[in-house]
Every structure is written in C-alpha cells, then in structure tokens.
Amino acid sequence: MPHFLQRLTRNPGRTAVIAVPYGWLLLFFLLPFLILAKISVSEMETVVFKDLITYKDGLLALTLKLGNYVFITEDDLYLKTYLASVKYAAATTVLCLAIGYPFSYFMARAKPSAQPALLMLVMLPFWTSFLLRVYAWKGLLSEGGWAAEVITTLGLDQLLYAVGAIPAPGKLMHTPFSLVLGMTYTYLPFMILPLYSNLAKMDLRLLEAAADLGATPWTAFWKITVPLSKAGIIAGSMLVFIPCVGEFVIPELLGGPETLMIGRVVWDEFFSNNDWPMASSLAVVMILLIIVPLALFNKYQAEAQESR
C-alpha cells in the first residue's frame with residue numbers, strides 16, 4: 001500500500017475531519033465554478049449549449065469558444081467596471097478597518113461581563129433582513145431623511161462634494177458616497193468579529209513588559225498590538241473585500257449610473273441580454289481576480305512563517 005494511503009487509513013477519524021471541509025469546497029465551490037467555466041467557453045444556441053466534446057466519423061473534437069474572454073479585454077466597459085468594483089471594495093474595506101479596529105479593541109479590553117452584550121450589539125443587525133437595512137438607508141439619505149438633514153446641516157455635504165464623493169451639495173443618494181456608506185454599514189460586523197476574536201486572545205503581559213521597558217502606550221500599540229492582530233486584520237479585510245467586489249443589491253439600490261460595478265454587468269448579461277456565456281466569462285474573471293492574489297498571498301505568508 002502506498003505511504004499516502006497508509007497515512008489515511010492509520011487515523012480514519014483525522015482523515016474524516018479533514019475530508020469534510022474539502023468535500024464541502026469540492027461540492028459547493030469547485031464544481032459550480034467548473035460548470036460556470038464550461039458555460040463561458042460554450043457556444044449558445046437559443047436556450048441550449050453546444051457540446052464541448054464531439055465525436056463524429058471517428059474524429060474526436062474539442063471546441064472551446066474563447067471570444068468572450070478576448071472581448072472582455074477589448075471593451076473598456078468591462079475594464080472600467082472591474083476597476084470600479086475593486087476601488088469601491090477597497091474603500092469599504094479601509095473604512096471598515098478604521099471603524100472596526102477601535103470598536104474591536106474596546107470590546108476586547110472591556111469587562112468580561114460586558115463583552116457578551118457588546119458582541120450581541122454587533123450581531124444585532126443580522127436579526128433584520130438585509131434588504132430592509134439597505135432600504136432603510138435609502139430612506140435616510142433621500143431628500144427629507146434625517147441622516148441627509150444632519151449631513152447638510154453640519155455642512156458635511158460640502159466636504160463630500162469637495163472630495164468627489166457626491167456630484168453636488170445636498171445630493172447624497174445614488175452617489176459613490178451612498179454606495180460606500182451602505183456597504184460599510186452592511187459589512188462592518190465581518191471586520192469586527194475576526195478582529196475581536198484575535199485581540200481577545202492577546203497576552204496582555206506583553207504590554208506590561210513593554211511599559212516596564214519604557215515604551216509609551218502609543219508605541220506599545222503599534223509595536224505589539226497591531227503586529228499581533230495582523231491575522232485578524234487580514235481575515236476581516238478578506239471577509240469584507242471579497243463579497244464587496246461582486247456586490248449587486250447595494251449598488252442597485254444605493255448606487256447610481258456612475259457607480260456601475262461588475263455585479264450589475266453580470267446580471268445584465270444573464271437576464272437582460274440572455275448571454276450566459278458572456279456573463280459566465282465575466283464571473284470567471286472576477287473569481288480569478290480575487291482567488292489568485294489571495295492564494296499567492298497565503299503561499300508567501302506560509303513561506304515567511306516557515307523561514308522564521
């Protein structure tokens with residue numbers, strides 16, 4: 001029996017525990033992705049797809065239509081929407097980190113008796129429908145909404161206009177500002193939870209040792225707390241950035257024509273143009289743009305940890 005199979009049969013319990021998540025990923029990620037990739041290189045006839053592999057007169061032929069991928073590189077619309085999706089997702093991730101890190105730090109340093117209540121407050125928005133929360137922001141930012149009134153009264157709309165977040169003072173809805181605000185509010189808990197989990201497990205004796213050695217609280221924070229919470233920062237950033245890139249509902253309800261993202265373009269290709277191969281090609285490229293850099297980052301991070 002090969003050595004690899006001997007290791008698997010030696011500890012069947014460990015093998016089963018490892019096999020379950022791999023089986024889940026195979027069934028619910030890899031298999032749908034392969035189906036999507038197959039559609040992207042298929043030729044569509046009305047509502048059916050031509051077979052990729054055909055056998056006729058003793059000739060086996062493999063037919064792949066790569067024209068959709070070529071068209072993606074030639075049409076500026078797709079490049080602009082990909083860049084816009086990455087831009088808005090990155091802005092949302094930075095804002096979630098800026099808001100979520102202090103909140104997570106406060107939760108981790110709070111009294112143990114108060115931490116469950118604070119954790120419940122973070123999870124509380126999930127008790128309400130996602131669509132209801134997005135529609136609520138639509139009402140708050142529309143003309144006459146109290147959030148819009150507060151922003152205009154404080155003169156913050158002038159600042160937003162100066163930085164290009166809104167096209168004109170007082171116009172808050174269907175702008176990059178409303179889009180990023182909606183995504184930040186929606187995905188903020190995904191940043192807070194991994195950060196809190198990481199900060200709560202930190203050994204506070206390290207901060208005491210730094211103080212004994214003369215480090216100021218600010219220096220100890222940047223030299224000890226932030227490096228030790230790097231795993232939580234990375235996990236939270238990935239949990240926010242990845243779904244934001246392909247977001248469809250929030251850009252549709254809170255964004256405008258100038259905030260077109262790739263999720264809307266994919267939806268149009270699927271349901272408006274009924275061009276499934278083109279839509280699948282866009283989805284495949286979007287997935288690869290996310291997965292490949294993430295895999296490379298994890299590879300280099302693992303190599304860096306092994307070299308220590």
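This is a predicted model: local features need pLDDT of at least 70, side-chain atom pairs count only at pLDDT 80 or more; totals for chains, interfaces and linings use all residues.

## Annotated regions

According to UniProt, in an unreviewed entry, the feature "domain: ABC transmembrane type-1" is placed at residues 82–297. In the model this span, residues 82–297, is 76% helix and 0% strand, and its end C-alpha atoms lie 20 Å apart. The UniProt annotation "transmembrane region", likewise from an unreviewed entry, covers residues 21–41, 88–106, 118–136, 177–196, 231–250 and 276–298. Two of these stretches can be set against the model: residues 118–136 are 68% helix and 0% strand, with end C-alpha atoms 23 Å apart, while residues 231–250 are 85% helix and 0% strand, with end C-alpha atoms 28 Å apart.

## Packing of the helices

Two packed helices are described by the angle between their axes and the distance between the axes.

| Helix pair | Angle between axes | Distance between axes | Handedness of crossing |
|---|---|---|---|
| Helix 4 and helix 5 | roughly 155° | within 9 Å | left-handed |
| Helix 4 and helix 12 | about 145° | 9 Å | right-handed |
| Helix 5 and helix 9 | about 155° | 10 Å | left-handed |

Helix 4 (residues 76–109) takes part in two of these pairings, and its partner in one of them is helix 5 (residues 115–123), with the two axes crossing at roughly 155°. Because angles over 145 degrees count as roughly antiparallel, helix 4 is described as roughly antiparallel to helix 5. On the side of helix 4 the contact is made by Phe103, Phe106, Met107 and Ala108, and on the side of helix 5 by Gln115, Leu118, Leu119 and Val122. Sorted by class, the contact of helix 4 with helix 5 holds seven nonpolar residues, one polar residue and no charged residues.

The other partner of helix 4 is helix 12 (residues 230–245), and here the axes are 9 Å apart at an angle of about 145°. Helix 4 contributes Ser85, Val86, Ala89, Ala90, Thr92, Thr93, Cys96, Leu97 and Tyr101, which meet Ile233, Ser237, Val240, Phe241, Cys244 and Val245 of helix 12. By class, the contact of helix 4 with helix 12 has eleven nonpolar and four polar residues, and no charged ones.

Helix 5 also packs against helix 9, at an angle of about 155° and with the axes 10 Å apart, an arrangement that makes helix 5 roughly antiparallel to helix 9. The residues in contact are Gln115, Leu119, Val122 and Met123 from helix 5 and Pro189, Ile192, Leu193 and Tyr196 from helix 9. In class terms, the contact of helix 5 with helix 9 has seven nonpolar residues, one polar residue and no charged residues.

Leaving aside neighbours within four places in sequence, Glu247 is in contact with Phe130, Met183, Tyr187 and Gly263. Glu247 and Pro116, by contrast, are 131 residues apart in sequence and 30 Å apart in space, C-alpha to C-alpha.

Ile39 is located in helix 2 (residues 12–40), and Ile39 is buried as well, with a relative accessible area of 14%. Beyond its neighbours within four places in sequence, Ile39 is in contact with Phe49, Trp276, Pro277 and Ser280. The C-alpha atoms of Ile39 and Glu208 are separated by 59 Å, the two residues being 169 residues apart along the chain.

## Residues with a positive phi

Most residues other than glycine have a negative phi. His174, although not a glycine, has a positive phi of about 55°, and its place is in the loop between helix 8 (156–162) and helix 9 (176–200). At 33% relative accessibility, His174 counts as partly exposed. Asn274, also not a glycine, has a positive phi of about 55°, and lies in the loop between helix 14 (262–272) and helix 15 (276–307). Asn274 is partly exposed, with a relative accessible area of 40%.

Terms used. Residues are numbered from 1 along each chain as its sequence is written. Side-chain values use heavy atoms; hydrogens and water are left out. Axes are lines fitted to C-alpha atoms, for helices over the stretch in contact, and angles run from 0 to 180 degrees between N-to-C directions. Helices (H or I, at least four residues) and strands (E, at least two) are DSSP runs, numbered from the N terminus. Angles under 35 degrees count as roughly parallel, over 145 as roughly antiparallel, 65 to 115 as roughly perpendicular and the rest as oblique. A crossing is left-handed if the near helix is turned anticlockwise from the far one by less than a right angle, and right-handed if clockwise. Contact means heavy atoms within 4.5 Å. Ala, Val, Leu, Ile, Met, Phe, Trp, Tyr, Cys and Pro count as nonpolar, Asp, Glu, Lys and Arg as charged, and the others, Gly among them, as polar. Buried means under 20% relative accessible area, exposed over 50%, partly exposed in between (1.4 Å probe, protein chains only). UniProt positions are given in the numbering used here, feature names are shortened, and annotations may be inferred rather than shown by experiment.
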